[in-house]
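Hi,

Here is the model I said I would pass on.

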Amino acid sequence: MSTDTKMAMAAPSDVGGDWTRRIGRSLEAVVIPLIAVLIAAALFSIFLLMLGKSPIQFFALLWQGGFGTAFSWQNTLTRAAPLIFTALCVAVPARLGMVIIGGEGALVLGGFCAAAIAIPFIGWGSPFLVMPLMLIAAALAGAVWIGFVGVLRHYRGVNETIASLLLYYIAVAIMNFFVEGALRDPANPNKPSTKTIGDSLMVGDIPGIGVHWGLAVGVGLAVALWVLMNRTKFGFAARITGGNVRAARAQGLPVGRLIVTSCAIAGASAGLAGYFEVAAIQGKANASIAAGYGFTGILVAFLAKQNPLAIIPVSIFLGGIAAAGGLIQRRMGMPDATVSVLMGLMFVVLLVSDTLQGKLGLTGKAGGR
Amino acid sequence: MNESGLSVVLLAMFAGAIRVSTPFLFVSLGECLTEKSGRINLGLEGTLVFGAMTGYAISYTTGSPWLGVLAAGLAGSLFGAIHGYICKLPKVNDIAIGIALMLFGTGLAFFLGKPFIQPKAPRLPSLQLGWWSDNPSVQSALQINPLFFVGVALAFLLWWAFRNTKWGLIVRMTGDSAPAALAMGYSVNWVRFIATTIGGFSAGVGGAFLSLYYPGAWNEGLSSGQGLMAVALVIFARWNPLACFGAALLFGAAGALGPALQSVGITQGYYFFNAAPYMLTLLIMIVSTSPKRSLKGAPAELSITK
Amino acid sequence: MSQFIINRRRLLQGGAALSAMGVAGTLPFRSALAADGLTIGIVYVGPRDDFGWNQAHAVAAEALKSVPGVTVVEEENVPETDAVSKTMESMIQLDGAKLIFATSFGYYSPFMVDLAKKYPDVQFRHAAPLWNKDKDPTNAGSYFGYLDQGHYINGVAGGLSTKSNKIGFVAAKPISSVLSNINSVMLGAKKTNPNATVQVIFTGEWSLPVREAEATNALVDAGCDVITCHVDSPKVVIQTAESRGVKTLGHNASQAPLAPKGFITGAEYKWITIYSQYADTLSKGGTLPNFLTGGYDLDFVQNTPYGAGATPEAIKAADAAKADLKAKKAYYVGPLKDNTGKEVIAAGTEHAPYDPWIDQINFLAEGVVGSIT
């Protein structure tokens with residue numbers, strides 16, 4: 001089991017030169033999940049039929065609400081944007097064999113720091129100066145927060161999963177303490193928030209598609225991190241460390257630095273999600289920025305097999321289901337949890353389908369293990 | 001804070017430790033067993049929530065809260081069995097499956113639990129152990145649910161069984177070295193399946209405690225991550241059932257600190273007092289571990305400790 | 001008994017509207033339907049059956065469904081992020097909604113306001129007194145019930161119910177609407193019991209059952225013998241207090257069945273009055289008012305019928321206080337200090353019900369043990 005886990009998490013480097021096997025593997029990467037989604041849909045249809053609801057209506061609404069109209073796409077992409085960042089926060093450390101589940105904490109602190117650093121400049125500061133400042137503050141806050149998890153892990157041997165979870169609760173406490181105390185805007189007595197940063201500091205929409213720039217930055221970051229993890233010495237060293245720490249040490253790799261840097265990159269990514277929550281959506285920091293994207297991001301990362309590029313489509317897929325969830329609630333009178341049931345079922349089946357890898361006969365050599 | 005304030009806070013922490021710790025105790029003992037066998041089930045939060053819903057629903061429909069506890073345990077073991085079965089398939093990641101089952105379990109619990117939010121189900125009784133005191137606060141603190149004692153007994157039993165029984169040895173061996181267990185003729189997958197299923201049962205019972213005793217209601221906000229935190233406490237407790245008990249008590253007591261301090265007039269900075277359990281746990285971990293010692297007690301096959 | 005008579009009178013007052021809509025289920029609806037084909041979208045921040053805020057809305061919104069020609073679409077658990085923008089926009093784009101009810105505080109700005117600007121032909125109404133006629137779009141608006149008046153009645157009854165002179169209050173967050181409820185309990189209690197104090201514990205979250213139960217226990221251990229709260233779902237607080245053998249005052253909806261021994265009374269919204277008025281207006285083809293707020297005088301709030309915990313003296317005092325509120329008598333009367341000793345209302349001045357001053361309350365009144373930060 002443990003070796004399987006390690007392989008799934010460290011995504012073994014693609015050394016195969018044989019192009020037929022490569023094509024077969026790519027084909028598998030598409031065909032298997034597709035079959036899994038169909039099986040999950042079939043199982044869910046049985047569930048619906050048992051409840052006396054129409055599966056056909058359900059899936060038609062799922063399509064319409066998530067991908068069927070221009071507005072639906074806008075809705076889907078808006079929901080996908082933060083997931084890209086938070087999933088990257090999981091995927092990068094995962095290459096080193098670390099399971100970080102507290103990305104939400106970095107998101108919260110990142111958003112809070114972005115809003116806090118803007119306060120002295122509200123109303124007069126040049127956006128060209130203040131906006132980058134906010135962005136850097138958010139990324140830095142996130143980097144320090146998750147970087148600290150890396151430091152604890154390497155230098156104190158504190159388990160990163162539990163440390164990052166604990167730090168999430170602490171991050172929320174820190175934000176609430178300031179937002180309801182020293183940095184509270186008296187103009188907003190019923191929703192404790194920092195001062196509104198004002199329109200001039202807000203991030204706008206990408207022209208033509210009506211989704212904020214966070215989406216473009218997220219896609220860019222995902223591509224950049226894919227290059228970093230797959231095409232650079234750093235990424236190579238990180239993967240070796242993820243595969244076997246002792247081997248990495250034996251080769252003289254700076255394991256500690258790799259761990260802390262990866263964690264810091266991860267945290268910066270989640271911090272940026274917080275920046276866009278503040279600067280593109282809320283216009284201020286308050287408890288609403290902790291909307292759970294950090295936790296959904298864990299799921300996205302695992303479904304994307306910790307591959308930064310795969311995170312983009314998986315985020316859109318999830319965003320689409322979330323977007324359609326509302327329509328399904330409204331039209332079919334089903335509770336909000338319906339979508340969680342579907343997602344949970346789909347993920348279980350998708351993850352189970354991993355077991356079929358190399359067994360479809362598409363790679364030329366069945367049952368490679 | 002004057003002397004009476006101090007005694008109020010201490011009493012509240014003592015009472016809180018007993019009242020709040022039980023779900024943590026059951027989930028962490030279940031997870032401890034699962035992890036000792038070499039697998040991690042991160043989905044116990046979903047199991048806990050589903051157990052809470054099932055327990056409440058069965059207690060309401062049958063009128064017997066103890067039947068509710070049993071049903072919650074059975075529902076939990078079903079989730080454990082699903083996890084245990086799936087994870088024996090090659091190339092399947094146990095952590096990912098856990099996260100997916102967490103979503104599935106909570107989603108299904110919310111979906112099926114809608115009709116049970118309004119009704120009032122019979123709650124579990126408690127043992128009145130404070131008869132000797134005439135202080136109503138002490139009496140109340142010593143109203144203890146039998147499940148707490150079951151949990152304590154379970155902690156000692158597991159601790160003893162891991163060391164002294166053949167079963168304990170098999171579980172530990174499976175967790176430390178699958179090839180060794182195989183060589184001895186034991187089916188690694190079967191042992192892990194059983195361990196995860198029993199672990200799920202325990203987590204389900206922990207959920208029933210939440211909905212049927214304290215706070216004693218079913219709604220969608222019932223668990224604020226207790227299941228997830230309990231899994232973390234196992235690592236904190238270094239896979240020792242007795243330490244799991246201690247960690248659960250500590251966590252419960254620290255959780256009572258925030259409200260108790262406010263009740264005696266220490267009202268500033270309550271966000272940090274409320275976060276005390278998390279800060280305390282982190283602090284203890286930082287102080288008590290070192291890069292070399294951290295793996296002591298850790299099952300070598302466990303993916304999360306690598 | 002008195003409660004029954006009041007209810008009867010109210011029923012007669014609002015009877016025309018109610019029965020016309022078929023809420024009473026007797027009279028068929030005859031007139032031409034201007035509301036024909038209207039789709040209404042309602043957005044909730046939590047589950048519709050949370051025993052509290054959302055449920056109070058969802059139950060009352062049923063009134064809208066009974067207007068012929070009206071379709072109601074509802075979505076629950078929508079967080080106060082851009083998800084709510086997209087939900088409302090989806091209702092407009094995909095369901096053809098022409099009227100949106102946004103029932104959570106944080107939906108208003110920037111989300112609902114921005115959307116109202118984007119869709120000028122859609123009407124938006126929000127459940128908090130936030131609409132500002134000078135700067136907000138005219139197709140947006142507010143409706144609200146002043147629940148603090150119900151809490152004032154709670155306080156009046158609570159002051160006569162406490163023997164230890166300590167009333168415990170489990171509060172979610174130190175925001176104005178919560179603070180004004182705490183202060184109202186304090187001022188009400190002080191009216192009937194000059195020695196009364198109110199002890200507050202903030203849980204920091206809207207829904208956190210375990211900590212709410214811990215807070216309740218801590219308050220009882222600290223000597224409080226009457227417990228009330230302002231959290232999303234008061235079930236746990238009331239239930240825990242009852243099991244500790246103390247008296248309780250409710251919040252948001254009726255918790256009377258949860259505390260058969262100690263329940264005194266509770267502050268309840270009466271959204272049905274507002275939604276019924278809206279439904280009536282719509283069925284006549286009228287336009288909805290931009291701003292609709294009220295309290296006891298307009299029948300927007302009420303108190304739960306007295307439970308076993310209410311003494312005859314408490315009932316008498318509470319009924320008298322209700323009559324005062326119906327006459328729009330102010331209870332924020334100077335001189336009033338906050339609990340740090342600072343004067344917040346000067347002698348000789350007062351703040352009548354619905355004074356915008358109440359919406360901005362950011363202090364705890366003298367006698368409240370607790371602090372905002």
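Before anything else, a definition: I call two residues in contact if their C-beta atoms, placed from the backbone, lie within 7 Å. This is a predicted model, where local features need pLDDT of at least 70, side-chain atom pairs count only at pLDDT 80 or more, and totals for chains, interfaces and linings use all residues. Residues are numbered from 1 along each chain as its sequence is written, while chains are lettered from A and ligands numbered from 1 in the order in which they are written.

On confidence, the model scores ipTM 0.92 and pTM 0.90.

Now the interfaces. Between chains B and A, the contact takes 48 residues from chain B and 44 from chain A. On chain B's side, α3 (65-87), α4 (94-113), α10 (226-236), α12 (270-274) and α13 (276-288) each supply at least two residues. Helices here are DSSP runs of H or I with at least four residues, strands are runs of E with at least two, and both are numbered from the N terminus. The largest share of that side comes from α4(B), with 14 residues. By class, the side has 30 nonpolar, eleven polar and seven charged residues (nonpolar is Ala, Val, Leu, Ile, Met, Phe, Trp, Tyr, Cys and Pro; charged is Asp, Glu, Lys and Arg; the others, Gly among them, are polar).

Chain C also touches chain A: 30 residues of chain C are in contact with 23 of chain A. On the chain C side, β2 (70-75), α4 (82-95) and α7 (176-192) each give at least two residues, and α4(C) gives the most, with nine. That side has nine nonpolar, twelve polar and nine charged residues.

As for chain B itself, there are 13 helices and two strands. Its radius of gyration, taken over C-alpha atoms, is 20 Å, close to the 19 Å from the globule rule (2.2 Å times the number of residues to the power 0.38), so chain B is as compact as a globular protein of its 306 residues. The C-alpha trace spans about 65 × 50 × 35 Å along its principal axes.

One caution about chain C: its mean pLDDT (the predictor's confidence in each residue, from 0 to 100) is 87, and 90% of its residues reach 70 or more. Over residues 1-34 of chain C, though, the pLDDT is below 50, and this stretch has 36 contacts in the model beyond near neighbours in sequence. Where pLDDT is low, the predicted coordinates should not be read in detail.

Cheers
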